[in-house]
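Subject: Structure handover

Hello,

The structure you asked about is below. My notes on it follow.

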Amino acid sequence: MKRLSLNVVLGGAIIGTVVVGAVLGAVWTPYDPLKIDFVGRLAPPGASHWLGTDEFGRDVLSRLMAAAATSMLISLSTVAAAGLLGTAVGLVSGYLRGWTDRILMAFNDALLAFPAILLALGLLTVAGANSYGIIVALGLAYTPSVARIVRGTVLSLREREFVEASRVMGNSELYTVLRHILPNCVGPMIVLATSMFGWVLLAESALSFLGLGVPPPAPTWGNMLAASRPFIAQAVWLAIFPGFCISLTLLGINLLGDALRDRLDPRMRGAS
Amino acid sequence: MTDIVSSGALLDVEALSLSVAATGTEVVRGVSFAVAPGEIVGIVGESGSGKTLAVRSIMALQPPAIRRTAGTIRFEGRDLAGLSAKELRDLRGGRIGMVFQEPMTSLNPSMTIGRQLEEGLAVHQRTLSADGRRALVLDMLRRVGIADPDGALAAYPHQFSGGMRQRIMLASVMLLQPALLIADEPTTALDAVVQRDVLELMVGLTRAHGTAVLMISHDLSMVARYTDRIIVMRRGEIVEQGRSDELLRAPQHPYTRALLSAMPRRLPARPIPPAATPIIEVRDLVVEYGGRRGLFRKEAGKRALHGLSLSIMPREVVALVGGSGSGKTTLGRAIAGLLPSSGGTIRYAGRPIGAGGPGWAVYRRNCQMVFQDPYSSLDPRMTIGALVGEALRTVPAMGRGEKADRVAEVLSEVGLAGPFADRYPHELSGGQRQRVAIARAVVRRPAFVIADEPVSALDVTVRAQVLELFADLQARHGFSCLFISHDLGVVEQIADRVVVMQDGRIVEQGDRDTVFDHPSHAYTRRLLSAIPALAPTGEGGVRLKWRFDDVAPEPVPS
């Protein structure tokens, strides 16, 4: 019980801070995140600019706050989209088996064979490089791995006797899947979703790097990190602070994810 | 007994205590016993009695979380605590061999039998040449009854049945001619007939080599048949030990008596009221498993049931017995509608049923099932109340309050009244879980229940209680039952009629007393020879009578 509450407290504190920062950043920032000031460019962290300024003299703290909302939105939507679609495909494929399974999985494996980032690149050129395009592209790119994992879990669950017991009771197939199989997939799904959250944050920065992320000057943690590369020797804070934000958010999400998984699993509830 | 301990004992365990290192909980307390050279000793106890831990610590193979807190273990006069890791390794395999419970997993699936058997010889007898090793392996495989030893050398474990694998496992251990063989539930995973063959082989082989055997089991009668001495353990302590026949005839400790009285025994035959139509009538049922069908090939299907006919009268308990692979579970699942049949008819109360047909919904409501494994048949994410209540979900014309009342009523009938309704399956013991599974099956007041090995996963004393509950519910609600089991002892206690299956065919059926006392088929006699009949003695114990003891063991399939 003690470890569980520690996870909740720590993860909650971190995510709470990030969320407050994001909400605040949407209405107020210390400086205008887009205001260019060539006189004060690459200023180190100090009294007036707490986290310094970037190559265009923009305030880093303001940009981080403004970016928080965009980055969180992109990551959450992407994970949700990939999670929903992948779970649906995995459930259908794993439960029905046979030809449905083979066709779906052949398609799925073909997609898995491409690196997710390459897939996203291709999709982005079709969908257009903006936040929605990124969500659609990354969401589709990560769907196959979710589908694979859910299918595997379903395959083992459907052989369990409680699924058979449900059929003997006269429950419909759909009811059996929703009532008995889906809830038992939640554990692996949460683990996957929390790690996927991190992949998406990083993939977004990689896309920015390739010029297909959220277009500048709008800030995201990813494109800030990407833009800091040429100045890493002169202005190391440009890379450190966005990187720190990404890592901290990941830590928070993982802690909360673990706590959520344990909370949803009756076997873990009340265990020491 | 003291004379064995003092003089020349092969193994001498004294005041052994084991604890869980993290919490300090004692799991084995002050256990002392000795094994003389060539002696066969059985350790009997239920799950959690510490029997496996105590014996594994002899080879220092207890899990790392378990610490030895007190006591000494002497093997051939040497204290095992003082041995180096190297000396221990020489002991393991070389002087002490071990046969594990699960033949399906105790052989490495990616190594040939030949290489696995040679492995031990290569480690422990370095002077032996490759040809010498091969000759020894071939000889030993022949002695454990492998029909084609040369072929077996190049074969992989999956090509053998469970019984054959256990023979191979035994061969690999006996190759090194250990002084002590530890057998941890060596035949629990095997069916009765195969169990007897393997045990007889084990006893014969060890007697020939003068190897002592320490056999762990939960099955008192089986141990009594093959051992010289029995040690009874309970909750980490030895409650009684003594010569096998004496211990059985006049047990001293109440727990030993409880174990003995929990052994299934025959009850007087019940009158079954005559009825015009059977509740279930199966005629010429054929089930085929479809072969794999790919794009370019079509493999032939395997016929699991060859045209079976069977009928079950109202209020009757019909037991379906047979070894593993006999098709008894397939038959149960086909009758339950979980498997499509490829031929024949199943009638419920005189009307044919088929998935989606007019009689189907009625049949589905009236035919329920209890599964074998209580750990897998309950959804871990639902409370007990929800699990039992779910069975009422599709019952039309039953109000919410009515359903709740029925659930509470049934839960109290199975002895899980009150707070249990809000608990989750993982908070319950195996026996309690099986009570939940039974409650779920009877909550609709079905006319017919299929019970697929409902007690085979349970401990002896728990099994007796669950059987009693089941019989009690059956008498009260009067449902008919198809009771599938490989355990003839259980069947003898609960069945009105017995149907014996072998290789997808019914070889014999009749009322219980006739089948048990005057079996007409050779296979039935072989099944019966594996279980004892109990005759109570005046001293609170029992005498075991082995039936048809002269029956030849099953011929080894080539």
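Contact here means heavy atoms within 4.5 Å. On that basis, 25 residues of chain A are in contact with 27 residues of chain B. Please keep in mind that this is a predicted model.

Interface area. The size of an interface is often given as the accessible area lost when the parts come together. For chain B and chain A, the buried area comes to about 2400 Å², and carbon and sulfur atoms give 51% of that. Of the area that chain B buries against chain A, 27% is supplied by B:Pro380, B:Arg381 and B:Glu390, more than by any other three residues.

Polar and charged pairs. Between the two chains there are 17 residue pairs in polar contact, with both residues at pLDDT 80 or more. The salt bridge count between chain B and chain A is 1. B:Arg333 and A:Glu164 form a salt bridge in which the closest N and O atoms are 2.4 Å apart.

Make-up of the chain B side. Strand β16 (residues 367-370) of chain B contributes 3 residues to the side that touches chain A, the largest share. Sorted by class, that side of chain B has 10 charged, 6 polar and 11 nonpolar residues.

Chain A annotation. An unreviewed UniProt entry carries the annotation "domain: ABC transmembrane type-1" for residues 68-257 of chain A. In the model, this span is 83% helix and 0% strand, and its end C-alpha atoms lie 20 Å apart.

Regards

Methods
Residues numbered from 1 in each chain as written. Chains lettered and ligands numbered in written order. Predicted model: local features only at pLDDT ≥ 70, side-chain atom pairs only at ≥ 80, totals over all residues. Heavy atoms only, no water. Buried area = accessible area lost by both parts, 1.4 Å probe. Salt bridge = Lys/Arg side-chain N within 4 Å of Asp/Glu carboxyl O. Polar contact = N/O pair within 3.5 Å; in protein donor to acceptor, adjacent residues only side chain to side chain. Helix = DSSP H or I, 4+ residues; strand = E, 2+ residues; numbered from the N terminus. Nonpolar A, V, L, I, M, F, W, Y, C, P; charged D, E, K, R; others polar. UniProt positions renumbered as here; feature names shortened; annotations may be inferred.
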